[in-house]
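Here is a set of questions and answers to read beside the model. Each answer works towards the value or name asked for.

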Amino acid sequence: MLRGAEKQNVSVFLRGSTYGDIEIDAASGHITLEGLMEAEEISLECASGNILLNTIQCKSLDAETASGKLTLEDVVAEKELAGETVSG
């Protein structure tokens, strides 16, 4: 867990292009998933920040942000697609 008064950036680069389940929770910051990716289930939650998904294929997608934009580009969810933003 990262703590402190300074802004912290965390970048995670995944090898390959096919994954099982992906779950990301962020308190403050942006979540970006892009580049020809396949996954079973994707669950993204961000309290304050934008969520951007680009070129993603999955069976189930749930993306929520309380304060931020939710942008989907070239996204295919075979069974379920749910997205929510309160203000953004």
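Q: How many salt bridges does the structure hold?
A: The model is a predicted one. A pair counts here when a side-chain nitrogen of Lys or Arg lies within 4 Å of a carboxyl oxygen of Asp or Glu. Lysine 59 and glutamate 40 form such a pair. The number of salt bridges in the structure is one.

Q: How far apart are the closest N and O atoms of lysine 59 and glutamate 40?
A: Side chains of opposite charge can pair when their charged atoms come close. The cut-off for a salt bridge is 4 Å. Lysine 59 and glutamate 40 form one, with their closest N and O atoms apart by 3.3 Å.

Q: Which strands hold lysine 59 and glutamate 40?
A: The two residues are 19 apart in sequence, so their pairing ties together separate parts of the chain. Lysine 59 is partly exposed at 33% relative accessible area. Glutamate 40 is partly exposed too, at 36%. Lysine 59 sits in strand S4, and glutamate 40 in strand S3.

Q: How many disulfides does the structure hold?
A: A disulfide needs two cysteine sulfur atoms within 2.5 Å. The sulfur of cysteine 58 is 18 Å from its closest cysteine sulfur, in cysteine 46, which is too far for a bond. Cysteine 46 is in no disulfide. The count of disulfides is zero.

Q: Is cysteine 46 buried or exposed?
A: Buried means under 20% relative accessible area. Cysteine 58 is at 1%, so it falls in that class. Cysteine 46, at 2%, is likewise buried.

Q: How much accessible area does the nonpolar patch of Val10, Val12 and Leu14 have together?
A: Valine 12 lies in the segment before strand S1 (18-19). Valine 12 is exposed, at 64% relative accessible area. Together with Val10 and Leu14, valine 12 forms a surface patch of about 300 Å².

Technical notes:
Residues numbered from 1 in each chain as written. Predicted model: local features only at pLDDT ≥ 70, side-chain atom pairs only at ≥ 80, totals over all residues. Heavy atoms only, no water. Helix = DSSP H or I, 4+ residues; strand = E, 2+ residues; numbered from the N terminus. Buried < 20%, exposed > 50% of the residue type's maximum accessible area, 1.4 Å probe, protein only. Patch = residues over 30% accessible without salt bridge, like charges linked within 9 Å, V, L, I, M, F, W, Y side chains within 5 Å. Areas by Shrake-Rupley, 256 points an atom, 1.4 Å probe, with all protein chains shown as cover.
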